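My plan is to look up a few features and jot down what turns up.

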Amino acid sequence: SMAEGAGAGPRLAELLAAGRRLWEEVETGAEPSSGTPAVQDKVRQGLDALQRAAAMVAQLDLFSENEELEEIASADLKYLLLPALLGALTLKQVNLSRRLEHLESARAHFWRFLKVCRSYGLGSFHLPPASPPGEEDAGSPSPGGPAAAQRSLVAMASSRQAKIERYKQKKELENRLASMRTSVESGQADEDQIREFYILQIQKWINTSLEEIESIDQEMVILRSRGTAKQSSAPPHGTSRQVRAPLKPFILTRDAAQAKVFGAGYPGLPTMTVDDWYEQRRRQGVVSGQSAHQRTPAGITDEELQKQQQEKKEEEDDEEALQKARNWDDWKDTHPRGYGNRQNVG
């Protein structure tokens, strides 16, 4: 093997093995949370070992874009996995304030891995875009419209199909890998088996990388929108926002009668009618009353006043229509369908 010949062999192999072992321990660990110091320590050590191995691979020029898969020595195939393992461990870091940075870094690792696999003709898959969607228009409102929404629905359906396929493949790959692992690790496997074992591993990581990039892209959209929401909701300097009393949980009922009924079933939760709730929120200054309508600002013309009164009348008519609809709904609640239709007494 080229790597072994370069004298960095055992050292490189050890670094990869160490990084890989640490990743497996974190992935299948008994620790309930990956945030514990012990686990994060393993993450750091693993990243360190894998980064050093990756630097050596780059120095040795092990893989080149224009060579064929057959030209890679079987023992060297496993080094193709380095960027995928780096991506996986990068995601295991838990520092929330640097989450976006970790997602970007992990995505770049997975993407590099997929790109190398593509250049060697390993696996048939679409290479995702090099940078997450929305990078360039992070600040602008969502692009598209109905057509884009339609496209994304079609894409979701096809990606769901692809996910089901990938899941089946993954299970099949895992079973084959499990049955070969012992003979490869105990040194009993021949060259062809070793080669097949590493290629299967690469294919399994191709599936993982595609899945990870997809979920990274989704998480980044959420984080970005949160970031912009934070910026826009920050109160301007010097103004303190009115602090609202937090809403305690309660059951919203339509009227007092219903409140009585529900009240019995949920002793822990207060019940209130919509009117009570509205009144309470109004007192807290959350829902503004009609006060603006009732005051006539100075300097207003008769014509405008008439227009306002007309609008008010229309609002009241709407209110009346709404009340009628509500009464009808209430009537339907208490009178089952077919009430009064007595011909078909059976």
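Which residues are linked with Arg 21 in a network of salt bridges? I looked, and Glu 25 and Lys 42 join Arg 21 in that network. A reminder to myself before going on: this is a predicted model.

**Entry: salt bridges**

I had the whole structure searched, and the count comes to 16 salt bridges. I picked out a few pairs to look at one by one.

I started with Glu 104, which forms a salt bridge with Arg 224; their closest N and O atoms are 3.5 Å apart. Glu 104 has a relative accessible area of 33%, so I noted it as partly exposed. Arg 224 comes out at 18%, and since buried means under 20%, Arg 224 counts as buried.

Next I went to helix 6 (residues 146–185), where Glu 165 and Lys 168 both lie. Their side chains meet in a salt bridge at 3.9 Å, N to O. The two are three residues apart, about one turn of the helix. I remembered the general rule here: an α-helix has 3.6 residues a turn, so residues three or four places apart point the same way. Glu 165 is partly exposed, at 38% relative accessibility.

I also looked up Lys 171 and Glu 174, whose side chains meet in a salt bridge at 3.2 Å, N to O. These two are in helix 6 as well, and because they are three residues apart, about one helical turn separates them.

**Entry: aromatic pairs**

How many aromatic pairs does a search of the whole structure find? I got three. In one of them, the ring centres of Phe 197 and Tyr 198 are 5.8 Å apart and the planes sit at 55°, so I wrote the pair down as tilted. I checked the cover on both. Phe 197 is buried at 3% relative accessibility, and Tyr 198 is buried with a relative accessible area of 13%.

**Entry: a covered helix**

I wanted to know how many residues of helix 4 (residues 82–90) are buried. The tally is nine of its nine, and I put the helix down as mostly covered. Among the buried residues I listed Leu 82, Pro 83, Gly 87 and Thr 90.

**Entry: surface patches**

Which residues form a negative surface patch? I noted Glu 311, Glu 314, Glu 315, Glu 316, Asp 318 and Glu 319. I followed up on Glu 315, which lies in helix 11 (residues 302–334). At 39% relative accessibility, Glu 315 counts as partly exposed.

I then found a nonpolar patch on the surface, formed by Trp 328, Trp 331 and Tyr 339. Together they have about 390 Å² of accessible area. I placed Tyr 339 in the segment after helix 11. Tyr 339 has 53% relative accessibility; exposed means over 50%, so Tyr 339 counts as exposed.

Technical notes: Residues numbered from 1 in each chain as written. Predicted model: local features only at pLDDT ≥ 70, side-chain atom pairs only at ≥ 80, totals over all residues. Heavy atoms only, no water. Buried < 20%, exposed > 50% of the residue type's maximum accessible area, 1.4 Å probe, protein only. Helix = DSSP H or I, 4+ residues; strand = E, 2+ residues; numbered from the N terminus. Patch = residues over 30% accessible without salt bridge, like charges linked within 9 Å, V, L, I, M, F, W, Y side chains within 5 Å. Areas by Shrake-Rupley, 256 points an atom, 1.4 Å probe, with all protein chains shown as cover. Salt bridge = Lys/Arg side-chain N within 4 Å of Asp/Glu carboxyl O. Lys, Arg positive; Asp, Glu negative; His and termini not counted. Charge placed at Lys NZ, Arg CZ, Asp CG, Glu CD. Phe/Tyr/Trp six-rings, centres within 6.5 Å; stacked < 30°, edge-to-face > 60°.
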